[in-house]
Amino acid sequence: MAQSAGDRRRINGPEESFSPVFDDDEEDIKLKTQRSRAAGDIRPIFLQPGLISQANGSAYIETDKTKIACAVYGPRQTKTTTYSEKGRLNVEVKFTPFSCMRRRAPIRDAEDRSLAVSIHQAIVSSIRLELFPKSTIDVFITIIENDGIEGCIASASVAASTALADAGIEMLGLVSACSAAIVGDDIHLDPSEAEARASSGTVILACMPALDNVTSVWQSGHMTADMALKCMERCHERCIDIHSIVAQSLLEHRTAA
Amino acid sequence: MVSDTTLLPGQPVFLPRGPTPNLGGGLYLRDGQVRASLVGVAQYDGPTLTISRIRSHPPATNSVVLGTVTRLSPLQAMVSISVVDGVPLPAGEEFNGVIRTQDVRATEKDKVKIGDCFRGGDVVKGIVISLGDARSYYITTARNDLGVIFATSEAGASMEPVSWQEMRCPKTGRIEKRKCAKPENM
């Protein structure tokens, strides 16, 4: 006989339960992927630094249905026994169980780590790590609601850069990031989850507009080199707008503090 | 004078024509253009242009640090650094430092007995001499104004310094040996 899993004293429900999956009608899919905004418009951004008082620096970013909180701790002493002349950056991403359409178990898995790697690559070249020998800067990112992984990576990079500036960590410049998806022949900026799934490929670009250089590019899916370059150009233009939003929120926070 | 605008990281600093001034913390030079690397106002601190940071930062060479003695060994005293350059570090984020016997005092360095200079729980003021190794910074107390600032006697009362070698317990009157720092108002 199989062991009775769980608690013997109670009547247990099924261990795993899923809500019923309905066949989506063709029209429903089309409705979902129809944008209410133009192809070149990004979703409006709300960015607020300094919400987590316990951390050295923090930022909360909200774009329509994507909500991300970022906390920065450090520079603190590296616990390992290897001596490093430059500081280290450690990025950890966590999804809340209610962030996605399907409930996620609160254990860290491969998707969390791949997001952390993307965000790490986007911001690491903007920090002056040579000023913090033997120290580690910890960036913790919590995704409260997720509407598209590409949008998450872009928004989280912006939030992380704002939080680092709020924490008083020396940086070469502020990082802003934008994502794009190719739907048919059009380039749609800042795709939502439904759009990204309906697209044939996506590009995420992170750059420092103050210094006019790019920190990271992630491309996934199927597209010609030409289209990829066009996506990167559009993203780059949008990043300059995002950078002014970041600058404005940091200045407002500073005058309010 | 530099203007009063709050600068953001990456923002170029507007300077009057002439040679670039000495750059302190919070600013960097790239492609001949001075840019800010912190959020703040650029001010002249003597001849150096800097953006001041009031946040806590890790110890650097020549930082004045305050720490608590955690362990003693015949060759060194291990210290948990909690204040760097007057700014306290957040709780739980202390750095580790070490005071080697040759750095305890300036005279008779080879005849130092660690037990007569420090005891566990003493609050010590020192200066960082180097980044040390992976686990700890190297600290020195070999100056008149460096050493034990605050210590508790065996009876439990906080002791007063009598000379640079001795401290006195006000409850029992007993003298205990420490390497004391000279108080500032003397």
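Which residues in α2(A) meet which residues in α3(A)? A:E111, A:L115, A:S118, A:I119, A:A122 and A:I123 in α2(A) meet A:I149, A:C152, A:I153, A:A156, A:S157, A:A160, A:S161 and A:L164 in α3(A), where contact means heavy atoms within 4.5 Å. This is a predicted model, in which local features need pLDDT of at least 70 and side-chain atom pairs count only at pLDDT 80 or more, while totals for chains, interfaces and linings use all residues. Residues are numbered from 1 along each chain as its sequence is written, chains are lettered from A and ligands numbered from 1 in the order in which they are written, and side-chain values use heavy atoms, with hydrogens and water left out.

**Chain A overall**

- Chain A has five helices and nine strands; helices (H or I, at least four residues) and strands (E, at least two) are DSSP runs, numbered from the N terminus.
- Read from the N terminus, the elements of chain A follow the order α-β-β-β-β-α-β-α-β-β-α-β-β-α.
- The C-alpha trace of chain A spans about 60 × 55 × 40 Å along its principal axes.
- Of the 257 residues in chain A, 48% are buried; buried means under 20% relative accessible area, exposed over 50%, and partly exposed in between, with a 1.4 Å probe and protein chains only.
- Taking contacts in chain A between residues at least 6 apart in sequence, 67% join residues at least 24 apart.

**The five-stranded sheet of chain A**

- An open sheet of five strands has the order β1-β2-β3-β5-β4 in chain A, with mixed pairing; two strands pair if DSSP finds at least two bridges between them.
- Its edge strands are β1 (45–49) and β4 (88–95) of chain A, each pairing on one side only.
- Neighbouring strands of this sheet are turned by 15° against each other on average, direction ignored; axes are lines fitted to C-alpha atoms, for helices over the stretch in contact, and angles run from 0 to 180 degrees between N-to-C directions.
- β3(A) and strand β5 (residues 135–145) of chain A run antiparallel and are joined by nine bridges.
- Within that pairing, A:V72 has A:V139 in β5(A) as its bridge partner.
- Strand β3 (residues 66–77) of chain A also holds A:P75, which a cis peptide bond with omega of about -5° joins to A:G74.

**Helix packing in chain A**

- Helix α3 (residues 149–166) of chain A lies across β1, β2 (57–63), β3, β4 and β5 of chain A, and runs at about 150° to β2(A).
- The axes of helix α2 (residues 110–124) of chain A and α3(A) come within 9 Å, crossing at roughly 50°.
- α2(A) and α3(A) are therefore oblique to each other; angles under 35 degrees count as roughly parallel, over 145 as roughly antiparallel, 65 to 115 as roughly perpendicular and the rest as oblique.
- This crossing of α2(A) and α3(A) is right-handed, as the near helix is turned clockwise from the far one by less than a right angle.

**A buried serine in chain A**

- A:S179 sits in strand β6 (residues 176–183) of chain A and is buried, at 1% relative accessibility.
- Leaving aside neighbours within four places in sequence, the contacts of A:S179 are A:E150, A:G151, A:A154, A:L189, A:D190, A:P191, A:V203, A:I204 and A:C235.

**Strand pairing in chain B**

- Strand β9 (residues 95–100) of chain B runs parallel to strand β11 (residues 137–140) of chain B, with two bridges joining them; here B:G97 stands opposite B:Y137 in β11(B).
- Strand β10 (residues 123–130) of chain B pairs with β11(B) in the antiparallel sense over three bridges, and B:I127 has B:T140 as its bridge partner in β11(B).
- The hairpin of β10(B) and β11(B) has six residues between the strands, and B:G132 takes a positive phi near 70° there.

**Backbone points in chain B**

- Most residues other than glycine have a negative phi.
- B:D31 has a positive phi near 55°; this residue lies in the loop between β2 (27–30) and β3 (33–36) of chain B and is exposed, with a relative accessible area of 77%.
- B:D85 also has a positive phi of about 55°; B:D85 is in the loop between β7 (76–84) and β8 (87–88) of chain B and is partly exposed at 38% relative accessibility.

**Cysteines**

- The count is zero disulfides over all chains, a disulfide being a pair of cysteine sulfur atoms within 2.5 Å.
- B:C117 is in no disulfide, as the nearest cysteine sulfur, that of B:C180, is 9.9 Å away, too far for a bond.
- Both cysteines are buried: B:C117 at 3% relative accessibility and B:C180 with a relative accessible area of 2%.
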